[in-house]
Amino acid sequence: QMIGQVCTKPVVTVSPRATVQEAARLMQRKRVGAIVVVNSGRPQGILTDRDIAMAVAQGRDPATLSVSAVMRKNPAVIREDRGIFDAIKLLSAKGVRRLPVVSRTGRLTGIIALDDLLMLLGTEMGHVSHALSRGLGRPGLALAS
């Protein structure tokens, strides 16, 4: 399966010029823990609830602090025509939990999270296990002893 088929759409996005408070309210309203920061439809950064908590803990004012000052810049992205294992390798190599999904031209089309991929793989492994157990139970198939 291609990432474009399994990623979350639409993505909750925010402008880099928005305030952290505006972003936090949007995240609360949409019930997401991360938001993709976009400029002209292209991912510029990612802002997570943890990034916001750390900024507030440092005494920064979310009402005046811009998203661009707190976001993780230049996030790793994955093209929508790549496979699930490509995404897992990239997540592992970059040490991140989420990847914005982009078109061939670099425009944001979705987002994929490590948790989504693990659920998907679990489901796929369940299908494989079921097929194997059915296959092994058929007459004419003997297990080596």
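This report describes the pockets and the salt bridges of a predicted model.

## Basis of the values

The model is predicted, so that local features need pLDDT of at least 70 and side-chain atom pairs count only at pLDDT 80 or more, whereas totals for chains, interfaces and linings use all residues. Residues are numbered from 1 along each chain as its sequence is written, and side-chain values use heavy atoms, with hydrogens and water left out.

## The largest pocket

The largest pocket holds about 250 Å³ of space, a pocket being an open set of points on a 1 Å grid over the protein atoms alone where a 1.4 Å probe fits, with protein on both sides within 12 Å along at least five of seven lines. Its volume is the space filled by probe spheres set on the points, which are joined across faces, edges and corners. Its lining consists of 13 residues, with Ile 46, Thr 48, Arg 72, Val 96 and Arg 97 nearest the centre, where lining residues are those with an atom within 4 Å of a point. Strand 3 (42–48), helix 3 (49–57) and strand 4 (72–73) are the elements that each give two or more residues to this lining; helices (H or I, at least four residues) and strands (E, at least two) are DSSP runs, numbered from the N terminus.

By class, the lining of the largest pocket comprises six charged residues, four nonpolar and three polar, with Asp, Glu, Lys and Arg counted as charged, Ala, Val, Leu, Ile, Met, Phe, Trp, Tyr, Cys and Pro as nonpolar, and the others, Gly among them, as polar.

## The second largest pocket

About 200 Å³ of space lies in the second largest pocket, which is lined by 14 residues, those nearest its centre being Thr 8, Val 32, Ala 34, Arg 98 and Ile 111. Strand 2 (34–39) and strand 7 (108–113) are the elements that give two or more residues to this lining, in which ten residues are nonpolar, two polar and two charged.

## Salt bridges

Five salt bridges are counted, each a side-chain nitrogen of Lys or Arg within 4 Å of a carboxyl oxygen of Asp or Glu. One of them joins Asp 51 and Arg 72 at 2.9 Å, N to O; because Asp 51 lies in helix 3 and Arg 72 in strand 4, the pair ties together parts that are 21 residues apart in sequence. Asp 51 is buried at 10% relative accessible area, whereas Arg 72 is partly exposed at 43% (buried means under 20%, exposed over 50%, partly exposed in between, with a 1.4 Å probe and protein chains only).

Arg 79, Asp 81 and Arg 104 are linked in a network of salt bridges, in which the closest N and O atoms of Asp 81 and Arg 104 are 4.0 Å apart.
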